[in-house]
Amino acid sequence: MIEFMLIIFVAILIGLSLGLLGSGGSILTVPALTYIVGQDEKTAIASSLAIVGIIAFSGAVKYQQNKMIHWPVVLQFGLPSMLFSYLAAGLSIYFSGSEQLSLFAVIMLLAAFSMLKGQVNAPDKTLSDNVVLKLVFIGAIVGSITGLVGVGGGFLIVPALLAFTRMNMVYAVATSLAIITLQSLTGFIKYFSISTQIDLKLNWQVIVIFALIGSVSSLFGQKIATNVPQEKLKKFFAIFLLIMSVSILIHSISGFF
């Protein structure tokens with residue numbers, strides 16, 4: 001009963017995080033599936049992609065109703081990220097679960113520092129050719145990371161959108177959710193296709209519970225996002241990443257000893 005209540009609580013936090021920040025879903029999902037549900041790392045990583053992809057989709061639909069998704073960026077960033085997410089997921093057979101979690105934590109740490117340094121800009125609907133090339137390149141990198149360590153990639157997508165486009169935080173969150181949907185579900189499809197090779201033990205009941213509760217709570221996160229000062233929202237997100245990355249890194253490294 002306690003485990004079930006924890007699952008519900010974490011699912012609510014995952015949805016709020018995605019709706020509010022356009023990220024953070026996998027940061028909570030992977031540890032929750034590993035340490036609360038008791039799944040092995042690879043199963044948790046694959047399940048996280050399905051859960052985060054579904055929740056991100058529900059959030060993106062709501063943001064689209066307000067026309068806040070920048071679709072040219074979704075295509076320029078999302079298409080290469082989908083391709084590389086699929087390819088990188090296939091490389092998971094060459095890494096242990098502890099190695100994947102360690103990489104996951106290091107990337108979170110770097111993303112947190114990048115967000116603490118950046119600045120929020122005014123929204124803009126135009127992108128130069130140079131920016132488009134950067135988005136394609138970064139999309140490929142983020143997609144590779146997504147497929148390999150099972151993250152939606154929002155904690156990298158949001159900083160990238162803030163750094164290379166003139167979106168504000170809310171537009172970046174909305175656009176991030178659309179990109180997360182594409183690359184997360186693509187990565188999950190690859191994991192599912194190699195499930196026998198890496199001995200995945202998917203629990204569809206857990207996936208559905210997390211996805212449904214998270215989808216509902218993400219709508220509340222979106223309402224909160226429109227009323228929170230964007231610079232404070234960004235700093236809160238960065239501090240959250242720092243705390244989670246250090247704790248996961250310490251725990252995953254301890255598995256090597």
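In the protein chain of this predicted model, 86% of the contacts between residues at least 6 apart in sequence join residues at least 24 apart. The chain contains ten helices and zero strands, and its elements, read from the N terminus, follow the order α-α-α-α-α-α-α-α-α-α. Of its 257 residues, 54% count as buried. The accessible surface of the chain amounts to about 11,100 Å², and carbon and sulfur atoms account for 72% of that surface.

The interior is considered next. In soluble globular proteins, nonpolar side chains tend to be buried together. In the present model, the largest nonpolar core comprises 76 residues. Within this core, the residues with the most contacts are F77, F104, F155 and F210. When residues up to four places away in sequence are left out of the count, F77 touches L135, I138, G139, V142, I157, A160, L161 and I179. Three of these partners, I157, A160 and L161, are also listed among the buried residues of helix 7.

Helix 7 spans residues 154-164. Because nine of its eleven residues are buried, helix 7 is largely enclosed by the rest of the structure. The buried residues are G154, F155, L156, I157, V158, P159, A160, L161 and L162. One of them, F155, is also named among the core residues with the most contacts.

Nonpolar residues are present on the surface as well. A nonpolar patch is formed there by L83, F84, Y86, L87 and I189, which together have about 460 Å² of accessible area. Helix 4 makes the greatest contribution to this patch, supplying four residues. L87 is one of the patch residues and is located in helix 4. With a relative accessible area of 48%, L87 is classed as partly exposed, since this class lies between the limits of 20% and 50%. I2 and I36 are separated by 34 residues in sequence, while the distance between their C-alpha atoms is 9.9 Å.

Most residues other than glycine have a negative phi, and most peptide bonds are trans. K67, although not a glycine, has a positive phi of about 55°. This residue, K67, is found in the loop that connects helix 3 (41-65) with helix 4 (71-90). K67 is exposed, as its relative accessible area is 63%. D199 is likewise a residue other than glycine with a positive phi, in this case near 55°. D199 is placed in the loop between helix 8 (169-193) and helix 9 (204-225). Its relative accessible area of 46% makes D199 partly exposed.

D199 also takes part in an interaction between charged groups. Side chains of opposite charge can pair when their charged atoms come close. The structure holds one salt bridge. In a salt bridge, the side chains of D199 and K201 meet at 2.8 Å, from N to O.

Key:
Residues numbered from 1 in each chain as written. Predicted model: local features only at pLDDT ≥ 70, side-chain atom pairs only at ≥ 80, totals over all residues. Heavy atoms only, no water. Helix = DSSP H or I, 4+ residues; strand = E, 2+ residues; numbered from the N terminus. Buried < 20%, exposed > 50% of the residue type's maximum accessible area, 1.4 Å probe, protein only. Patch = residues over 30% accessible without salt bridge, like charges linked within 9 Å, V, L, I, M, F, W, Y side chains within 5 Å. Areas by Shrake-Rupley, 256 points an atom, 1.4 Å probe, with all protein chains shown as cover. Salt bridge = Lys/Arg side-chain N within 4 Å of Asp/Glu carboxyl O. Core = buried A, V, L, I, M, F, W, Y, C linked by side-chain atoms within 4.5 Å. Contact = heavy atoms within 4.5 Å.
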